[in-house]
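This report is meant for a reader who is meeting this structure for the first time. Please look over the sequence and the model before reading on.

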Amino acid sequence: MTLTVASLHIYPVKSLGGFSVAEVRTTDRGPEHDRRWMLIDAQGRFISQREIPAMACLHCSPLSDGFRVTDVRDGATRDLPWAMNGGQPRAASVWNDTLQLIGASDAVSGWFARRLEVPCSLVYMPDHCLRNVDPHYATGITSLSDGYPYLIMSEASLDDLNGRMDRSITMDRFRPNIVIAGGRAFQEDGWKEIRIGTTRFSLVKPCGRCVITTTDQRTGERGPEPLRTLASYRTVDNKVHFGMNAVGETQGILRVGEPLTVVT
């Protein structure tokens with residue numbers, strides 16, 4: 001059985017559309033540039049497509065020194081740097097974690113507020129901000145992701161799901177970082193450790209899926225699928241599992257087409 005990296009994905013702003021890359025540098029908190037920015041409400045709590053489906057219409061694309069956010073509904077754009085080293089400190093929360101982040105300018109935050117038609121502010125996670133993963137499952141840090149630095153999925157798992165539905169969906173509904181080609185459906189469920197090039201990953205926890213998977217990632221429209229179908233055969237302890245959360249045990253460069261070895 002030959003397993004290779006099918007695609008690699010980065011999401012610079014939490015819950016906005018990401019982009020694929022041919023290669024990416026791995027870090028202890030996830031792929032380089034992944035989820036270092038986030039939108040928060042007036043209370044400092046993160047906002048996501050769960051509450052605001054229109055966030056799916058804001059897509060990021062790479063530039064030489066940063067990235068561009070494009071509203072696919074009308075083509076409006078805003079350019080941002082990969083990192084922001086100075087700015088007003090802002091307390092922000094992601095689930096149960098309260099973090100000291102850096103606030104973007106009012107002009108930048110205002111652009112997002114107008115696009116989404118909700119009061120919100122853009123914040124950045126500097127290098128000195130460390131956020132731990134859940135110690136019940138792993139040791140390490142993560143970015144502004146929901147809980148872990150990497151999400152790994154197999155193309156075969158999506159093929160299995162699409163074979164059970166009347167209308168196929170694309171992988172972007174599930175927002176993985178690393179997509180694997182080859183093998184069988186849901187093979188990742190049983191992996192404990194894998195190696196890609198010089199980088200080792202521990203797969204520590206199944207990913208429980210939410211309403212974001214039912215959101216069209218270009219229009220923001222929602223329907224019952226794929227959660228309805230997934231729930232019929234992928235429910236464990238009242239959670240719908242699809243994909244595996246992972247932490248990087250070593251760092252390196254990941255490349256599309258590289259072979260993957262299952263260690264345990």
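## Basis of the report

This is a predicted model, in which local features need pLDDT of at least 70 and side-chain atom pairs count only at pLDDT 80 or more, while totals for chains, interfaces and linings use all residues. Residues are numbered from 1 along each chain as its sequence is written, and side-chain values use heavy atoms, with hydrogens and water left out.

## Overall form

The chain contains 3 helices and 21 strands, where helices (H or I, at least four residues) and strands (E, at least two) are DSSP runs numbered from the N terminus. Its radius of gyration is 18 Å, which agrees with the value near 18 Å for a compact globule of 264 residues; the radius is taken over C-alpha atoms, and the globule rule is 2.2 Å times the number of residues to the power 0.38. Along the principal axes, the C-alpha atoms fill a box of roughly 50 × 40 × 35 Å.

Among contacts with a separation of 6 or more, 68% join residues 24 or more positions apart, a contact meaning heavy atoms within 4.5 Å.

Of the 264 residues, 54% count as buried, where buried means under 20% relative accessible area, exposed over 50% and partly exposed in between (1.4 Å probe, protein chains only).

Aspartate 166 lies in the loop between α2 (155-162) and β15 (178-181), and this residue is exposed, with a relative accessible area of 89%. The C-alpha atom of aspartate 166 is separated by 30 Å from that of aspartate 74, which is 92 residues apart along the chain.

## Aromatic pairs

Rings of Phe, Tyr and Trp (its six-membered ring) pair if their centres lie within 6.5 Å, and planes under 30 degrees apart count as stacked, over 60 as edge-to-face and the rest as tilted. By this rule there are 10 aromatic pairs. The rings of tyrosine 150 and phenylalanine 201 have centres 4.9 Å apart and planes at 80°, so this pair is edge-to-face. Tyrosine 150 belongs to strand β14 (residues 150-154) and phenylalanine 201 to strand β17 (residues 199-208), so that the pair links distant parts of the chain, 51 residues apart. Both tyrosine 150 and phenylalanine 201 are buried.

Phenylalanine 186 and phenylalanine 242 also form an edge-to-face pair, at 5.7 Å centre to centre with 65° between the planes. Phenylalanine 186 is buried, with a relative accessible area of 11%, and phenylalanine 242 is buried at 0%. Elsewhere, ring pairs link Phe19, Trp37, Phe67, Trp82 and Tyr124 into a cluster.
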